[in-house]
Amino acid sequence: MVGACKFETIGPGIVTGIVDARTVALDGGREARLAGIEIGAAGAKADIGGVLRSVIGHDAMLRRIGAAHDRYGRLLVHLFVSEAGSERWIQGDLLERGEARVSSRIGDRACARELLTRESKAREAKLGMWAEPVYGIMRADEPAAVAAARGRFAIVEGRVLSVRESGNTIFVNFGRRWTEEFVVTIAKRNERAFAAAGVAPVRLQGRRVRVRGFVEQRGGPWMEAAHPEQIEVLERN
């Protein structure tokens, strides 16, 4: 266990190479995808010559939270490498160096807080990708800029103006013109899970929040929140 993260052990392996900035090759022809993080072009460029390359040939322990494989059949892992009698958590290392951002799906909110703390330290120090404006936190009250990130992973921050329901969808609105301004959608079936995690949609109104995920566009820019850890409440009412 690292901090609040409670992992399930998959088993050992040896890192034999790099497939891409988030995927390593293992002995036996296996591929392991690093779970819980997103890496942009700047992070990918920095890491290929850095963190992942440094662990080639090392014994590793593969652990997971949630699903064991992605849709391509690759192992979804948190990678720990043995060094000098201790274990080095590769996701934690990448976040602390500013070479990754916390993804929209962790599988456990307590572990998400652990990862977000590491990300925050790198962001405050402007390390790695945080030195590049394109990877910075976007403002919800600048919908045109958010819309320009369509199809990409982004982190957006702003004050929730209203929360409305329509059919099976909850709309978390950051502006008065929901067809033009930034909106976060939450499926009604997930409302109970968000409430249990302390981010009940109805209680977000009036609060300043930070949300992460992939930007889409339906009129204005929008983002689907399927997991409670996608939303950070920055201030309380």
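This is a short tour of the structure, stop by stop, with something to select at each one.

**Before you start**

You're looking at a predicted model, in which local features need pLDDT of at least 70 and side-chain atom pairs count only at pLDDT 80 or more, while totals for chains, interfaces and linings use all residues. Residues are numbered from 1 along each chain as its sequence is written, and side-chain values use heavy atoms, with hydrogens and water left out. Helices (H or I, at least four residues) and strands (E, at least two) are DSSP runs, numbered from the N terminus.

**Stop 1: the disulfide**

Select Cys-5 and Cys-111. They form a disulfide, with their sulfur atoms 2.0 Å apart; the term covers a pair of cysteine sulfur atoms within 2.5 Å. The link of Cys-5 and Cys-111 is right-handed, with 85° about the S-S bond. Cys-5 lies in the segment before strand 1 (8–20) and Cys-111 in helix 3, so the pair ties together parts that are 106 residues apart in sequence. A search of the whole structure finds 1 disulfide.

Buried or exposed: which is Cys-5? Cys-5 is buried, with a relative accessible area of 0%, and Cys-111 also counts as buried at 0%. Here, buried means under 20% relative accessible area, exposed means over 50%, and partly exposed is in between (1.4 Å probe, protein chains only).

**Stop 2: two nonpolar cores**

Now select Phe-7, Leu-34, Leu-79, Ile-90 and Leu-94. Of the 33 residues in the largest nonpolar core, these touch the most other members. A nonpolar core is a set of buried Ala, Val, Leu, Ile, Met, Phe, Trp, Tyr and Cys residues joined through side-chain atoms within 4.5 Å. Several elements each supply at least two residues of this core, including strand 2 (23–26), strand 5 (59–64), helix 2 (90–96) and helix 3 (109–124). Which strand gives the most to this core? That's strand 6, with 5 residues.

Next, pick Ala-149, Val-160, Ile-186 and Val-211. They are among the 24 residues of a second, separate core. In soluble globular proteins, nonpolar side chains tend to be buried together.

**Stop 3: a buried charge**

Select Glu-38, in strand 4 (residues 37–38). Glu-38 is buried yet has no salt bridge; a salt bridge is a side-chain nitrogen of Lys or Arg within 4 Å of a carboxyl oxygen of Asp or Glu. The nearest side chain of opposite charge, Arg-22, is 4.0 Å away. For charge, Lys and Arg count as positive and Asp and Glu as negative, while His and the chain ends are not counted. Leaving aside residues up to four places away in sequence, Glu-38 touches Arg-22, Ala-100, Arg-101, Ser-103, Phe-153 and Phe-214. Contact means heavy atoms within 4.5 Å.

**Stop 4: a hairpin and its neighbour**

Strand 11 (residues 162–166) and strand 12 (residues 169–173) pair in the antiparallel sense over 5 bridges; two strands pair if DSSP finds at least two bridges between them. Glu-165 has Ile-170 in strand 12 as its bridge partner. The hairpin has 2 residues between the strands, and Gly-167 takes a positive phi near 65° there.

Thr-169 stands opposite Ala-187 in strand 13.

**Stop 5**

Which strands come next? An open sheet of 4 strands has the order 9-10-14-17, with mixed pairing. Its edge strands, strand 9 (138–139) and strand 17 (231–233), each pair on one side only. Strand 14 (residues 208–214) pairs with strand 17 in the antiparallel sense over 3 bridges, and the bridge partner of Val-209 is Val-233 in strand 17.

**Stop 6: salt bridges**

Stay here and select Arg-210 and Glu-232. They form a salt bridge, the closest N and O atoms being 3.7 Å apart. Arg-210 lies in strand 14 and Glu-232 in strand 17, so the pair ties together parts that are 22 residues apart in sequence. Both residues, Arg-210 and Glu-232, are buried.

Finish with two other pairs. Asp-70 and Arg-74 meet in a salt bridge (2.7 Å, N to O), and both residues are buried. Glu-142 forms a salt bridge with Arg-139, with 3.8 Å between the closest N and O atoms. Glu-142 is partly exposed at 38%, and Arg-139 is partly exposed at 46%. A search of the whole structure finds 21 salt bridges.
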